[in-house]
Each structure stands twice: as C-alpha cells, then as structure tokens.
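Look at the sequence and the model shown here.

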Amino acid sequence: MEIKPQAMAIPKETDKLEKGKYGPIYPKTPACYGFTIIAKIIAGREPIFHQYAQTIEKAVAAQPNFLAPLKLHYLRWVLFPINGETYFMYQGIFDTDFDKYTEDAVALFTSAGVKTVFENLEGFPKDWQTNAPAFIKFVRDHQCPSFLEYGEYPFVGADEIKKALNVRNAFSAILDQMQ
C-alpha cells in the first residue's frame, strides 16, 4: 500500500468541533495532533530557557524514554522579540489529543519532580502541578491554532514509525550477515 502525502485545512471556527474536557478537540491531521503556544516571558529570564533546554537534552540522553509518555514526534522551542519584549514559542507534534497530552505532561513532570520552563512565562499558574485545569487554561489561552497541516507520511504515529525503523534495521542487519 503506497502512502501518499496529504494536507488538511483546519477550520477557523471551533464551535462544530468535538468538545473535550477543556474545550474543542482539533481534528487529527496528516501531521497527527499538535499545538503552538506563544507567550511573553518574564523579563530577564531568557537564559533560563537555554539552561532548561540543556536540562531536557541531558534528561533524554540519560533516559531516552523520559518523554515517551507524551507520544511526541517533535518539539520546537523558539525565543523571539516583539517590540523589545521576548516571547516563547512552543510547538509540539504528538499522537494524542490536546486534553490527553496536557494531562500527561502535568503528570509526567510532577511525578519526575521536574519543573517546567513555562514557569518563566507571564501569567503561568504557580500551582500548575496540583491544578491541571489552570495549566490547561494557560495553554489554551496562549494556543495559536494552525490552519493547515501537512504530512509526508500522513496519520502515522510515533510508535508505528519506531516499529518501521526497527524492522528496517533488523532487515539491514540480516542483509549484512548474508554478505
């Protein structure tokens, strides 16, 4: 079965979308699920974002499956200026819907005793680890929904990709042994 790339326009109006616990559930797209959050950082805290990125890098190096419960494909963090103030953009692509991803993120970081870099964003709830609805409200309030998503390998989950790569690697090892 040939996999063909697909694109999907996402409706601007959310009133017809399925409702989750915390608001509309955007449809699964060819890129799976995801969101983009843009929020202003607390002045002077730019270095914390770079330090935190290194913390995540080290955590994943030490325990490669650290973020696995989130079913992530990709994360992208960007700091950028607007009118002399610094903003943070968080983009994530993952396999679960918004509600599950955000609940899983709170549970993962709380159980691991890890803080979130979001604590350095203006208006982020101080009690986020015990108040998931406040965390989710912040994320919803700062979400900038996409209106088009494209997938070169549409609707394929992270676990499926890992399995396919494992099969490829096993097949390659068998071929190497035959030579």
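**Aromatic pairs and surface**

The structure holds 19 aromatic pairs, where rings of Phe, Tyr and Trp (its six-membered ring) pair if their centres lie within 6.5 Å, and planes under 30 degrees apart count as stacked, over 60 as edge-to-face and the rest as tilted. The model is predicted, so local features need pLDDT of at least 70, side-chain atom pairs count only at pLDDT 80 or more, and totals for chains, interfaces and linings use all residues. Residues are numbered from 1 along each chain as its sequence is written, and side-chain values use heavy atoms, with hydrogens and water left out.

Strands are DSSP runs (E, at least two residues), as are helices (H or I, at least four), numbered from the N terminus. Both Phe-35 and Phe-94 are buried; buried means under 20% relative accessible area, exposed over 50%, and partly exposed in between (1.4 Å probe, protein chains only).

Phe-88 and Phe-118 also form an edge-to-face pair, at 5.9 Å centre to centre and 75 degrees between the planes. Phe-88 is buried, with a relative accessible area of 1%, and Phe-118 is buried at 6%.

Where does Ile-174 lie? Its place is in helix α4 (residues 158–178), and Ile-174 is partly exposed, with a relative accessible area of 46%. Glu-2, found in the segment before β1 (6–9), is exposed at 63%.
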